[in-house]
Amino acid sequence: MILVVAEQRDGRLNRASWEVVAAAQRLAAKTGGAPIKVALLGGDLAAAAGELSAAAVAEVLTVEQAALEPYTADGFVAALAQLVAGQAPTYVLFPHTYLARDFVPKLAARLDRALVADVVSLAEADGTVAFTRLIFQGKLAADVVLEGEAPYLVTFQAGAFSADLAERGASPAPVSRADVTIDAALIRQKPEAPFREAKQAVDLSQAQRIVAVGRGIRARDQLPLAEALAKALGAELAASRPICDAGWLPIERQVGSSGQTVAPKLYLALGVSGAIQHAVGMKASKTIVAINKDAEAPMFELADYGIVGDLFEVVPALIKELQR
Amino acid sequence: MKIAVCIKQVPARDWQPRVNESRTWVRDEDAAFEMNEPDAYALEEGLRLKGRHGGEVVVCSAGPSRVSHVIREALARGADRAIHVESDGAASADAFEVAGALAEAMSGESFDLVLTGLQSDDQGFAQTGVVLAERLGVPHATIIMEVKVDGGALRVKRELEGGWFQWVAMPLPALLTIQSGINQLRYATLKGIMAAKKKDIRKVAASGAHRSRQRIVNLYAPKKTKQTQLIGGTPAEAARELVKRLRDEARAID
Ligand SMILES: Cc1cc2nc3c(=O)[nH]c(=O)nc-3n(C[C@H](O)[C@H](O)[C@H](O)COP(=O)(O)OP(=O)(O)OC[C@H]3O[C@@H](n4cnc5c(N)ncnc54)[C@H](O)[C@@H]3O)c2cc1C
């Protein structure tokens, strides 16, 4: 059996859950058609469970407990350790979200079972399933096999499998409650309500064109070069996270999973490698241009147009050309 | 407060990895190495907490002998002493093996707070800190952007996706995985570098009791799926062609 652990917040299903259902269906097909169950944990799960029951799966299991709302790592690990022991799945699959990153490694350690994280596709090796993940900043792909006893825990990168490919069932899957006992006194984390920082002055999501700078810009005092290009294009300036971490540009100009999500007509990336956490914030842009000295940079996988070269030579030439 | 900071030494970011003959790991003889970036932020946070609350900062690193370079660097930035878990395999090992070895070496130290980076720039498991928390039997929180200590309690700001945050309180001892950008890094001073030479590095042999649960069976350049139009020529030629295509083909500029 393959167990998918779906994710919800305030009763709303995270769309990444459907991506993992799609991944589970592919894994099932590769491993002899094992049945799939989907588990949901939290306080009030009726709506999310109803939505998931449309999937072509054997069963939707809800673990509804006051101690699981709001989320805590200790609460989720306690609940899932019992659920996994009771259900005895071969694989337990999760989306690789911030939430999963927070508790899945602890669950794996508690169960003493293998965990392969941030998987982008399935592969084969020596007649068994291998999981492909990107390492060395996306420069290499590694097919990984898991050792030791089942269950094997796997988290999937956002977008690795398309939610639209998740097969729907002919009739709704049964929804049933799974009982676990959680001793609330053993939950050590006391979470407060999530919040956003004060409204930002710049709203990059409205920009028609964006020039984004990455670490390739090298120094703060090189930023005027990128600003001049932005001006010549009528574009807003944005950046990868390390540029904002260093304080060279304000955080409101950061694009990516922990910054803004943008979809301009033109996204021109200067010396940005194209890490997944950056890509999720800009890949919906209509036209993407990458200027990078490394021909193997993952950003070229996203770009419509690319120039392999030194940005300090290409950008002045571009500015000149635009001003002609 | 007794603070441990776990640090990994990783190949420098601009290094182009080459695959070994069996396609199971990289050939890194020619690589330059550096401190994993999120770990550098964890170290800085540890030093700042010591500045506010007193105590000591102990750097822990598992890896081959070359790891002593990042250990010295951490000591030069202000850490008080270090534990080096000697293991040639640690560089390619998984998070279970490394966390297991670290937990063993840290037992008996009774740290109040253990800090790690949120993931490494090489294999990027994003697991070592959290698995270590379980092995040490302490609560944890991940992707931390602010740390407040008040007596025996900890209050930390977790980064969530899409610009959201959340404060979480928990008792000490605890483990936190630190996100890049939590603070501004300091660099070693000449005085720090001199002082580091006299600081204690306790060497511990990894017992080998903790084995990796995952094994790379094939390592290769990622498959290309997108047909990017690459524009060549001199910078001036490439610029002219790009502007032309952005105007006429993509209609992305006027
Ligand atoms: C939980 C989490 C959340 C994150 N959130 C975000 C986020 O929201 N946004 C984000 O951007 N990142 C985020 N990151 C970080 C992300 O993983 C990458 O580390 C980061 O995006 C890399 O930034 P970069 O491309 O500027 O730097 P690098 O990866 O160092 O790339 C620099 C690039 O510049 C090129 N270059 C260097 N010199 C030149 C030159 N002279 N001319 C042309 N090209 C040159 C290099 O070839 C390289 O490709 C997050 C990471 C984590 C773990």
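Q: Which residue stands opposite Val119(A) in strand 10 of chain A?
A: In general, strands of a sheet pair through backbone hydrogen bonds, either parallel or antiparallel. In this predicted model, the residue opposite Val119(A) is Phe156(A). The two strands concerned are strand 7 (residues 115-125) and strand 10 (residues 152-156) of chain A, which pair in the parallel sense over three bridges. Helix 1 (residues 16-30) of chain A packs on the sheet and touches strands 1, 4, 6, 7, 8 and 10 of chain A. The direction of helix 1 of chain A makes about 150° with that of strand 6 of chain A.

Q: What is the strand order of the open sheet of ten strands?
A: The order is 11(A)-5(A)-4(A)-1(A)-6(A)-10(A)-7(A)-8(A)-9(A)-12(B), with mixed pairing. At the edges are strand 11 (175-177) of chain A and strand 12 of chain B, each of which pairs on one side only. On average, neighbouring strands of this sheet are turned by 35° against each other, direction ignored.

Q: What is the phi of Asp118(A), and which peptide bonds are cis?
A: Most residues other than glycine have a negative phi, and most peptide bonds are trans. Asp118(A) has a positive phi, near 65°, and is found in strand 7 of chain A. A cis bond runs from Ala150(A) to Pro151(A), with omega near 0°. Pro151(A) lies in the loop between strand 9 (140-146) and strand 10 of chain A. In chain B, a cis peptide bond joins Leu172(B) and Pro173(B), and omega is about -5°. Pro173(B) sits in the loop between strand 9 and strand 10 (174-178) of chain B.

Q: What is the order of the open sheet of six strands, and why is one side of each edge strand left without a neighbour?
A: The order is 15(A)-14(A)-16(A)-17(A)-18(A)-13(B), and the pairing is parallel. Strand 15 (236-239) of chain A and strand 13 of chain B stand at the edges with a single partner strand each, so one side of each has no neighbour in the sheet. Within this sheet, strand 16 (residues 266-270) and strand 17 of chain A pair in the parallel sense over five bridges. Ala269(A) has Ala290(A), in strand 17 of chain A, as its bridge partner.

Q: Which strands does helix 9 of chain A touch, and which strands does helix 6 of chain B lie across?
A: Helix 9 (residues 311-323) of chain A packs on the sheet, touching strand 16, strand 17 and strand 18 (305-308) of chain A. Its direction makes about 130° with that of strand 17 of chain A. Helix 6 of chain B lies across strand 16, strand 17 and strand 18 of chain A together with strand 13 of chain B. This helix runs at about 170° to strand 18 of chain A.

Q: How many Å² do chain B and chain A bury between them?
A: The size of an interface is often given as the accessible area lost when the parts come together. Here chain B and chain A bury about 7600 Å² between them, 51% of it on carbon and sulfur atoms. In chain B, the residues that lose the most area to chain A are Glu134(B), Trp164(B) and Arg213(B), together 8% of what that side buries. The contact takes 89 residues from chain B and 80 residues from chain A.

Q: How many residue pairs between chain B and chain A are in polar contact?
A: The count is 54 residue pairs, both residues being at pLDDT 80 or more. Helix 6 (235-248) of chain B is among the elements that give two or more residues to the side of chain B that touches chain A. With ten residues, helix 6 of chain B gives the most to that side. By class, the side of chain B that touches chain A has 45 nonpolar, 21 polar and 23 charged residues.

Q: Which residue of chain B stands opposite Arg196(A)?
A: Arg196(A) stands opposite Trp164(B), in strand 9 of chain B. Strand 13 (residues 195-196) of chain A and strand 9 of chain B pair in the antiparallel sense over two bridges.

Conventions. Residues are numbered from 1 along each chain as its sequence is written. Chains are lettered from A and ligands numbered from 1 in the order in which they are written. This is a predicted model: local features need pLDDT of at least 70, side-chain atom pairs count only at pLDDT 80 or more; totals for chains, interfaces and linings use all residues. Side-chain values use heavy atoms; hydrogens and water are left out. Contact means heavy atoms within 4.5 Å. Buried area is the accessible area (1.4 Å probe) that two parts lose on being put together, summed over both. A polar contact is a pair of N or O atoms within 3.5 Å; within protein, one must be able to donate a hydrogen and the other to accept it, and residues adjacent in sequence count only if both atoms are side-chain atoms. Helices (H or I, at least four residues) and strands (E, at least two) are DSSP runs, numbered from the N terminus. Ala, Val, Leu, Ile, Met, Phe, Trp, Tyr, Cys and Pro count as nonpolar, Asp, Glu, Lys and Arg as charged, and the others, Gly among them, as polar. Two strands pair if DSSP finds at least two bridges between them. Axes are lines fitted to C-alpha atoms, for helices over the stretch in contact, and angles run from 0 to 180 degrees between N-to-C directions.
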